[in-house]
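Please look at the sequence and the structure first, and then try each question before reading its answer.

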Amino acid sequence: MVPAGQQRLRGFGVHEYIPGRHLSVLKIAVSTLTAGTLIVGCGSTAGSAIQATTSQAAAPYAAETAAPSRTIVVGRSDWEQVGTSVQGRPIRARTVGHGPRAVLFIGGIHGDETEGEFTTDQLPAAFEAAGLADRVALTILEDANPDGRAAGTRGNANGIDVNRNFPATNFDGTDPANGKTPLSQPESRAVAETIDRIEPSVVIAFHAWAGDQFINFDGPARSLAEQFSSTSGFQVKASSEFAPTPGSLGSYAGRDRGIPVLSIEVLKGADPQVTWDRLRFALLQVIVG
Ligand SMILES: [Zn+2]
């Protein structure tokens, strides 16, 4: 339901499951509204999804894309800010579903690996369409390094590799690119705090690799990685088999804390739609466990 007095959005013409469109329009709606005017319910039933009506600011976009008389459902659970980047960009997460199994999906952590963006946008609708909401609470951390993504750099605005700044036993502070101390960067803190808060059964992080694609795992995740591999065709590789990753999310959450961590390494530059089509079912399988 919409709280009394809440400003409504009218005329976006968005349905619940228009791939790629639902979320993008939601983002625009949120970005064009004054903070606090759009309160999206986080309930789990269709009846709890809010219906909204346009503000004046959003009207030009609506006029280009939809009949103004249509009423739209804009979402079941809004993004929440779980951290702030070095340059002040929000680090956002949202949870879909309400099942007993908590899963964390991270859409990107290296700023020059944007291949996960499309999949991140598609995932909520596919998750709900697959009927997983009663089995899993899926938290999607949109992008753990928004400054790096904006600049096209692997590291954050301080030049630190966020994926080397976790408090793993193998943290290496002698390399300036790792940060002097674990969790010295707001981006790694946001991820670590999210893990502490939701206590996921599995963490899935999206990456890209030049010239190869595979599923990489840390901690007790071999069976999940093999399941992902059998459905997607991606070869399984354990992190320890091919590269030292001091202070990585996999080292920290996977090897030290015993949380299964899967790192999806897609071919750098791969077509996002092709990637999504290929990985969709494998991803949903490991999410449901
Ligand atoms: Zn990466």
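A nonpolar core is a set of buried Ala, Val, Leu, Ile, Met, Phe, Trp, Tyr and Cys residues that are joined through C-beta atoms within 7 Å. The model discussed here is a predicted one.

Q: Which residues have the most contacts inside the largest nonpolar core?
A: In soluble globular proteins, nonpolar side chains tend to be buried together. In this chain the largest nonpolar core has 53 residues. Among these core residues, the ones with the most contacts inside the core are V203 and L262.

Q: Which residues is L262 in contact with, leaving aside its neighbours within four places in sequence?
A: L262 belongs to the largest nonpolar core, where it is among the residues with the most contacts. Once its neighbours within four places in sequence are left aside, the contacts of L262 are V202, I204, I215, F217, A221, L224, A225, F228 and V286.

Q: How many helices and how many strands does the protein chain have, and what percentage of its residues is buried?
A: Of the contacts in the chain with a separation of 6 or more, 72% are between residues 24 or more positions apart. The protein chain has nine helices and ten strands. Of its 289 residues, the buried ones make up 45%.

Q: In what order do the strands of the open sheet of eight strands lie?
A: The pairing in this open sheet is mixed, and its edge strands, each pairing on one side only, are strand 3 and strand 9. Neighbouring strands of the sheet are turned against each other by 25° on average, with direction ignored. Read across the sheet, the order of the strands is 3-4-6-5-7-10-8-9.

Q: In strand 4, which residue is the bridge partner of E80?
A: Strand 3, which covers residues 80–84, and strand 4 run antiparallel and are joined by four bridges. One of the pairings between them sets T84 against P90. For E80, the bridge partner in strand 4 is A93.

Q: Which residue in strand 6 stands opposite V96?
A: Strand 4, made of residues 90–96, is mostly covered, with five of its seven residues buried. Four bridges also join strand 4 to strand 6, and these two strands run antiparallel. In strand 6, the residue that stands opposite V96 is L138.

Q: Which residue in the hairpin of strand 3 and strand 4 takes a positive phi near 95°?
A: The hairpin has five residues between its two strands. The residue there with a positive phi near 95° is G88.

Q: Which helix packs on the sheet by touching strand 7, strand 8, strand 9 and strand 10?
A: Helix 5 packs on the sheet and touches strand 3, strand 4, strand 5, strand 6 and strand 7, with a direction that makes about 135° with that of strand 3. The helix asked for covers residues 222–232, and its direction makes about 170° with that of strand 8. The helix that touches strand 7, strand 8, strand 9 and strand 10 is helix 6.

Q: Why do the buried residues of helix 6 line one face of the helix, and which exposed residues are on the face turned away from them?
A: The buried residues of helix 6 are L224, A225, F228 and S232. Seen down the helix axis, these buried residues fall within an arc of 100°, so they line one face of helix 6. What covers them includes strand 7, strand 8, strand 9, strand 10 and helix 9. The face turned away from that buried side carries the exposed residues S223 and S230.

Q: Is E265 buried or exposed?
A: UniProt, in an unreviewed entry, places the feature "active site" at E265, a residue in strand 10. Leaving out residues up to four places away in sequence, E265 touches H207, A208, W209, Q213, F214 and N216. A residue needs 20 or more other C-beta atoms within 10 Å to be buried. Because E265 has 21 C-beta neighbours inside 10 Å, it counts as buried.

Q: Is E199 buried or exposed?
A: E199 is in the loop between helix 5 and strand 7, and it has a positive phi of about 50° although it is not a glycine. Because E199 has 9 other C-beta atoms within 10 Å, it is exposed.

Definitions and conventions. Residues are numbered from 1 along each chain as its sequence is written. This is a predicted model: local features need pLDDT of at least 70, side-chain atom pairs count only at pLDDT 80 or more; totals for chains, interfaces and linings use all residues. A residue is buried if 20 or more other C-beta atoms lie within 10 Å of its own, exposed if 12 or fewer, and partly exposed in between; C-beta atoms are placed from the backbone. Two strands pair if DSSP finds at least two bridges between them. Axes are lines fitted to C-alpha atoms, for helices over the stretch in contact, and angles run from 0 to 180 degrees between N-to-C directions. Two residues are in contact if their C-beta atoms, placed from the backbone, lie within 7 Å. The arc is that of the directions from the helix axis to the C-beta atoms. UniProt positions are given in the numbering used here, feature names are shortened, and annotations may be inferred rather than shown by experiment.
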